[in-house]
Structure formats: structure tokens, C-alpha cells
Amino acid sequence: MIDDIKKEAEGRMQKALDALGANFNKIRTGRAHPSILDGIHISYYGADSPLSQVANINVEDARTLTVTPWEKQLVPEIEKAIMKSDLGLNPSTAGAVIRIPMPMLTEETRKNFIKQAKSEAENARVSIRNNRRDALAEVKALLKDKEISEDDERRAGDEIQKLTDKYVAEVEKALSAKEKDLMEI
């Protein structure tokens with residue numbers, strides 16, 4: 001039973017770490033990367049579809065993305081959606097290809113992005129700690145129901161804490177890598 005609780009807690013902690021990675025991908029650096037456009041959706045035949053499902057997104061060079069829609073009539077709609085997004089990108093259209101140059105990051109925008117990254121990292125840490133609290137509560141419930149001994153409870157608590165420390169260290173590692181990436185010119 002304790003192993004099940006630990007596995008479940010570890011799975012939830014891993015999901016928090018994965019969510020942090022996805023949130024970090026939304027924070028743009030000065031380089032072009034297709035995942036920057038992941039949050040953009042287009043109305044396609046009445047359904048709200050992610051941009052990646054209605055167009056090819058490629059990196060033309062280190063600072064330019066190209067979006068090639070599968071259907072030419074989607075070009076203006078894709079352009080509007082990119083402009084409406086809070087990414088601060090200005091697409092330019094050349095026929096059926098939309099080019100998106102990545103603007104240079106100023107010192108101020110870099111600092112704001114780092115603040116945003118720190119906030120995302122703190123949310124991930126809180127999520128991991130909440131998972132630890134839930135797992136420890138489940139272990140205490142087993143002790144209360146006399147299904148495990150106090151020694152088992154203490155051992156399980158130590159193991160859950162080690163898991164928590166491991167995932168918090170992963171969050172710190174990811175945050176420092178993102179900060180380094182953002183401060184690179």
C-alpha cells in the first residue's frame with residue numbers, strides 16, 4: 001500500500017514538473033522555436049483547432065518562424081490570431097507563407113520574463129509540496145486504521161520527503177537553465 005502511495009505521489013510530482021516545462025516553453029527567448037505558437041488556436045470549419053493542426057510551423061533561421069497553412073484561405077485568420085496573442089509577435093505574409101520574426105529582447109523584457117519564470121517555478125514547487133502533503137495524509141490514515149506500524153509510517157514519510165526534495169531540485173535546475181537561456185544575448 002505504501003508503495004502505491006509513493007508511486008502515485010511521484011507520478012503527480014512528475015506531472016507538475018512536466019507542466020512547468022510546458023509553461024517555460026511559452027516564455028519566449030530571443031530564439032525562434034515552434035512551441036512558442038502552441039497556445040494559438042484557429043477557428044477551422046467551426047471547430048477551435050490548435051495552429052499546429054492546421055499549418056506547418058518551421059524554424060527558418062535562429063530568429064524567424066514560418067507558418068505554412070494547409071489551406072490558403074486560413075492565412076488572414078492565422079495572422080490575426082498571432083497578432084491577438086499576448087506574445088508580441090508581428091507576422092508578415094508572403095503569398096501562402098507567414099513569416100514571424102522574433103523581436104530582440106530588451107533588458108526590461110528579459111527581467112519580466114525571468115520574473116514570470118520564477119513565478120511558474122514557485123507554482124510547481126507548491127504543487128509538489130501539496131502532493132507530498134496528500135501522500136503523507138494517506139500514510140497517516142493507514143497508521144490510524146492500524147494497517148501499518150509507526151516505523152513503516154516514519155520510513156514512508158522519509159521516502160516521500162526524499163522524492164519531494166528530488167523534484168524540487170529538478171524545478172530549481174529547470175529554472176536556472178531558463179534564466180540562463182533568457183539572459184543570453
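**Helix packing and salt bridges in the predicted model**

Glutamate 122 is partly exposed, with a relative accessible area of 33%; here buried means under 20% relative accessible area, exposed over 50%, and partly exposed in between (1.4 Å probe, protein chains only). The structure is a predicted model, in which local features need pLDDT of at least 70 and side-chain atom pairs count only at pLDDT 80 or more, while totals for chains, interfaces and linings use all residues. Residues are numbered from 1 along each chain as its sequence is written, and side-chain values use heavy atoms, with hydrogens and water left out.

Glutamate 122 and arginine 125 both sit in helix H3, three residues apart, about one turn of the helix; helices are DSSP runs (H or I, at least four residues) numbered from the N terminus. Their side chains meet in a salt bridge at 2.3 Å, N to O, where a salt bridge is a side-chain nitrogen of Lys or Arg within 4 Å of a carboxyl oxygen of Asp or Glu. Arginine 125, at 11% relative accessibility, counts as buried. The pair also belongs to a network of salt bridges that links Glu122, Arg125, Arg129 and Glu172. Across the whole structure, a search finds 13 salt bridges.

Arginine 155 is partly exposed at 46% relative accessibility, and aspartate 152 is partly exposed with a relative accessible area of 26%. Being four residues apart, glutamate 8 and arginine 12 are separated by about one helical turn. Glutamate 8 has a relative accessible area of 41% and is partly exposed, as is arginine 12 with 25%. An α-helix has 3.6 residues a turn, so residues three or four places apart point the same way.

Helix H3 itself has 38 residues and reaches 55 Å from its first C-alpha to its last, close to the 56 Å expected at 1.5 Å a residue; the expected span is 1.5 Å times one less than the number of residues. Among the buried residues of H3 are Phe113, Ile114, Ala117, Ile128, Asn131, Val139 and Leu142. The buried residues of H3 pack against H1 and H4, with contact meaning heavy atoms within 4.5 Å. After H3 comes lysine 146, whose phi is positive, near 60 degrees.

The axes of H1 (residues 2-26) and H3 (residues 107-144) come within 9 Å and cross at roughly 170 degrees. These axes are lines fitted to C-alpha atoms over the stretch in contact, and angles run from 0 to 180 degrees between N-to-C directions. H1 and H3 are therefore roughly antiparallel to each other, a label given to angles over 145 degrees, with under 35 counting as roughly parallel, 65 to 115 as roughly perpendicular and the rest as oblique. The residues of this contact divide into 14 nonpolar, three polar and six charged.

On the H4 side, serine 176 lies in helix H4 (residues 150-183) and is partly exposed, with a relative accessible area of 42%. The C-alpha atoms of serine 176 and alanine 117 are separated by 9.6 Å, although the two are 59 residues apart along the chain.

Definitions and conventions. Helix = DSSP H or I, 4+ residues; strand = E, 2+ residues; numbered from the N terminus. Nonpolar A, V, L, I, M, F, W, Y, C, P; charged D, E, K, R; others polar.
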